[in-house]
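Colleague: I would like to go through this model term by term. Please set each value against its cut-off before you conclude.

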Amino acid sequence: MEEVPYLFEVKKAARLIKLLGAKRVLLQLPEGLKRYAPSIVDELEKETNGQALVLVSGETAYGPCDIALEEAKKLEADVILHYGHTSRYYGNVGVPIIFIPAFSSVKPKRGIDALVGLLKGRDIESVGLSTVIQHAHILEDVSRALRREGIRVFVGGGAKADPGVIIGCDYTPALEVNDEVQAHIVIAGGLFHGLGLRVATGKKVLVLDPYRDEVIDVDREYRKMYALGLAQVLKAMKATKFGIIVCMKSGQYSLREALKIRQMLKEHGREGIVITVRDVTSEKLAAFTNLEAFVNTCCPRLSLDDREAMGRPILAPHELSFVLKGDITRYRLRI
């Protein structure tokens, strides 16, 4: 395989594929890892002695909630090999799923020194430490580095994953220690997980980005996110016709909630129609020209990160209550 900054554990995956007796494998990768698909396919087919045909899904794979079950069944795949996310139990869905985390080989150096300096400069003595799955193997190294500087470090337990591991819609490990800490640190690339952590915990969040080897304070972006959410709620107060979005992905499907929302709108003299999609895009919503706002029952991050792209207000279910009451005095973002 080409030299890559991720551990794909192809030999391990091949052993599991052979153990399952799988002859046809559906390989599912998040967008950032798709470029490595040719190498993974080549290595997998060699390691299985050419007995397994590996097909690659070109669809999105945003998280463990986004498993290509229908695709696998249509292709008569014997197993789904899903890279880059924490494992999730799906029960008996007809197709076994192998989760491989794809640990990153990139480690922060200057970033840890910068982090210590920031914490001491702000008199922060206790922190919650979280990570995404790609960097779970360096969580303890970062924790030790902080403790050596006299900083108390708290790592929440992992009921659904390893200790300290979060995903974009679930910050349970961080919330478990939220009352013990002054701020939170997350080891992750970019701002996505840091912003989610800020929303979930309500406390200061610093991102230790191993790829850039730097520390990022998310407060500025969080304030923008809050202001945009508030503006959309205010705009939606004038709306009378709503689209209620239901995602057909197995891990996000929530028709029951959508029907409750439709009934709630009706009781308040508003109209609502239920719209089903696999992926929510501005192009798909643009076709519904007579709707003034949307309520999202899909991935909660859609109502946080993609609002501006959608053209019209796209609300989280809890935000609809502010719209219907006509009162924003207690407005807050939520995941």
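Modeller: Contact first: it means heavy atoms within 4.5 Å. Helices and strands are DSSP runs, numbered from the N terminus; a helix (H or I) needs at least four residues, a strand (E) at least two. This is a predicted model, where local features need pLDDT of at least 70 and side-chain atom pairs count only at pLDDT 80 or more, while totals for chains, interfaces and linings use all residues. Residues are numbered from 1 along each chain as its sequence is written, and side-chain values use heavy atoms, with hydrogens and water left out.

Colleague: What do the buried residues of H7 pack against?

Modeller: Helix H6 (172-176), strand E9 (183-187), strand E10 (204-209) and helix H8 (219-236).

Colleague: What makes helix H7 (residues 192-201) mostly covered?

Modeller: Buried means under 20% relative accessible area, exposed over 50%, and partly exposed lies in between (1.4 Å probe, protein chains only). In H7, 8 of 10 residues are buried. They are His193, Gly194, Leu195, Gly196, Leu197, Arg198, Val199 and Thr201. Gly202 follows H7, with a positive phi near 75 degrees.

Colleague: Which residues of helix H2 (residues 37-47) are buried?

Modeller: Ala37, Ser39, Ile40, Val41, Glu43 and Leu44. The buried residues of H2 pack against helix H1 (10-19), strand E2 (24-28), strand E3 (53-56) and E4. Just after H2, Asn49 has a positive phi of about 60 degrees.

Colleague: Is Cys247 buried or exposed?

Modeller: Buried, because its relative accessibility is 1%. Cys298 is buried as well, with a relative accessible area of 10%.

Colleague: How do you know that strand E12 (residues 241-247) and strand E13 (residues 271-277) pair?

Modeller: Two strands pair if DSSP finds at least two bridges between them. E12 and E13 have 7 bridges, in the parallel sense. Ile244 has Val274 as its bridge partner in E13, and Ile245 has Ile275. E12 also runs parallel to E14, joined by 4 bridges. There, Phe242 has Ala293 as its bridge partner. E12 itself is mostly covered, with 6 of its 7 residues buried.

Colleague: What makes a crossover right-handed?

Modeller: Point the strands away from the viewer: the path from the first strand over the helix to the second must run clockwise. E12, helix H9 (residues 255-267) and E13 make a right-handed β-α-β unit.

Colleague: What makes a set of residues a nonpolar core?

Modeller: The members are buried Ala, Val, Leu, Ile, Met, Phe, Trp, Tyr and Cys residues, joined through side-chain atoms within 4.5 Å. The largest one here has 34 residues; Val186, Phe242, Leu265, Leu315, Leu320, Val323 and Leu333 touch the most other members. At least two residues of this core come from each of H7, E10, H8, E12, H9, strand E14 (293-296) and helix H12 (317-325). Another core, of 25 residues, lies apart from it and has Val10, Ile17, Val54 and Leu81 among its members. In soluble globular proteins, nonpolar side chains tend to be buried together.

Colleague: How do you know whether His82 is buried or exposed?

Modeller: Its relative accessibility is 0%, so His82 counts as buried. His82 is in strand E4 (residues 79-83).

Colleague: What joins the side chains of His82 and Gln28?

Modeller: A polar contact of 2.8 Å. The term requires N or O atoms within 3.5 Å; within protein, one must be able to donate a hydrogen and the other to accept it, and residues adjacent in sequence count only if both atoms are side-chain atoms.

Colleague: Is Asp123 buried or exposed?

Modeller: Exposed, because its relative accessibility is 58%. Ala102, with a relative accessible area of 0%, is buried.
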